[in-house]
Amino acid sequence: MFDRFTLLAGPCQLEDDALNLEVARELVRLSQTLDLQIVFKASFDKANRSKLDGIRGPGLEKGLELLSTVKAETGLPLVTDVHEPAQCAPAAAVVDILQIPAFLGRQTDLVVAAGETGCAINIKKGQWMAPEEMAAAVDKARRSGAGPIATTERGTFFGYGNLVVDMRSFARMRDATGMPAIFDGT
């Protein structure tokens, strides 16, 4: 899954079928035009919203239906966030990659549950973590039976509300974990 350059792209949070499919079909076109491996990324729940009334998505059951439609219509591989151990097995039955959000990358029960599915896993590095600290999260996933594993860098705190990506982090994370490193440009 992560054996060559791979782009994870999509609406971040699942939308209705029409918009999900419009985005996915364009990703298929780009994949074919550029000979690029693209994975459709959308989350059924964005459980890390700042405000209680922030829009979170359609939820697990409806979200997995929407993701199944994207896969059936386009054939694109899928990635979605999981936030709780109980979400891992149902999500792994539909998607190709389970993504552990940055705020949850150290949560042993979640990483182990994701690994136990045998699915590919992408673990996002917390903004407070050094790249080398991802080795422990990767070890949890690997020892739990995960399929291919990748890590994601999205930046480090630089004051309040600012993230800065230290480009050296990618090599440091790859060296520490032995896994591919993904850049999250959001």
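## Overall build

The model is predicted. Its protein chain holds 6 helices and 9 strands. The radius of gyration is 16 Å, close to the 16 Å that the globule rule gives for 186 residues, so the chain is as compact as a globular protein of that length. Along the principal axes, the C-alpha atoms fill a box of roughly 40 × 40 × 35 Å.

Contacts across the sequence come next. Take the contacts in the chain with a separation of 6 or more: 64% of them join residues 24 or more positions apart.

## Surface and charge

Of the 186 residues, 45% are buried. The chain exposes about 9,300 Å². Carbon and sulfur atoms supply 54% of that area.

The chain carries 20 positive and 24 negative side chains. The centres of these two sets lie 5 Å apart.

## Thr-80, a residue in a strand

Thr-80 sits in strand β3, which covers residues 78-81. Its relative accessibility is 0%, under the 20% cut-off, so Thr-80 counts as buried. The side chain of Thr-80 reaches the backbone oxygen of Ala-42 at 2.8 Å.

Which residues does Thr-80 contact, leaving aside its neighbours within four places in sequence? They are Ala-42, Ser-43, Phe-44, Leu-67, Ala-91, Val-95, Ile-97, Leu-98 and Gln-99.

## Val-94, a residue in a loop

Val-94 lies in the loop between α3 (85-92) and β4 (97-100). Is Val-94 buried or exposed? Val-94 is buried, because its relative accessible area of 16% is under 20%.

Leaving aside neighbours within four places in sequence, Val-94 touches Leu-64, Leu-67, Ser-68, Lys-71 and Leu-78. Val-94 and Val-79 are 15 residues apart in sequence. Their C-alpha atoms are 9.3 Å apart in space.

## Two residues with positive phi

Cys-12 is not a glycine, yet it has a positive phi of about 70 degrees. Cys-12 belongs to strand β1, residues 6-13. With a relative accessible area of 35%, Cys-12 is partly exposed.

Asp-35 is not a glycine either, and its phi is positive at about 50 degrees. Where is Asp-35? Asp-35 lies in the loop between α1 (17-34) and β2 (37-43). Its relative accessible area is 60%, over the 50% cut-off, so Asp-35 is exposed.

Notes:
Residues numbered from 1 in each chain as written. Predicted model: local features only at pLDDT ≥ 70, side-chain atom pairs only at ≥ 80, totals over all residues. Heavy atoms only, no water. Helix = DSSP H or I, 4+ residues; strand = E, 2+ residues; numbered from the N terminus. Rg over C-alpha atoms; globule rule 2.2 N^0.38 Å. Buried < 20%, exposed > 50% of the residue type's maximum accessible area, 1.4 Å probe, protein only. Contact = heavy atoms within 4.5 Å. Areas by Shrake-Rupley, 256 points an atom, 1.4 Å probe, with all protein chains shown as cover. Lys, Arg positive; Asp, Glu negative; His and termini not counted. Charge placed at Lys NZ, Arg CZ, Asp CG, Glu CD. Polar contact = N/O pair within 3.5 Å; in protein donor to acceptor, adjacent residues only side chain to side chain.
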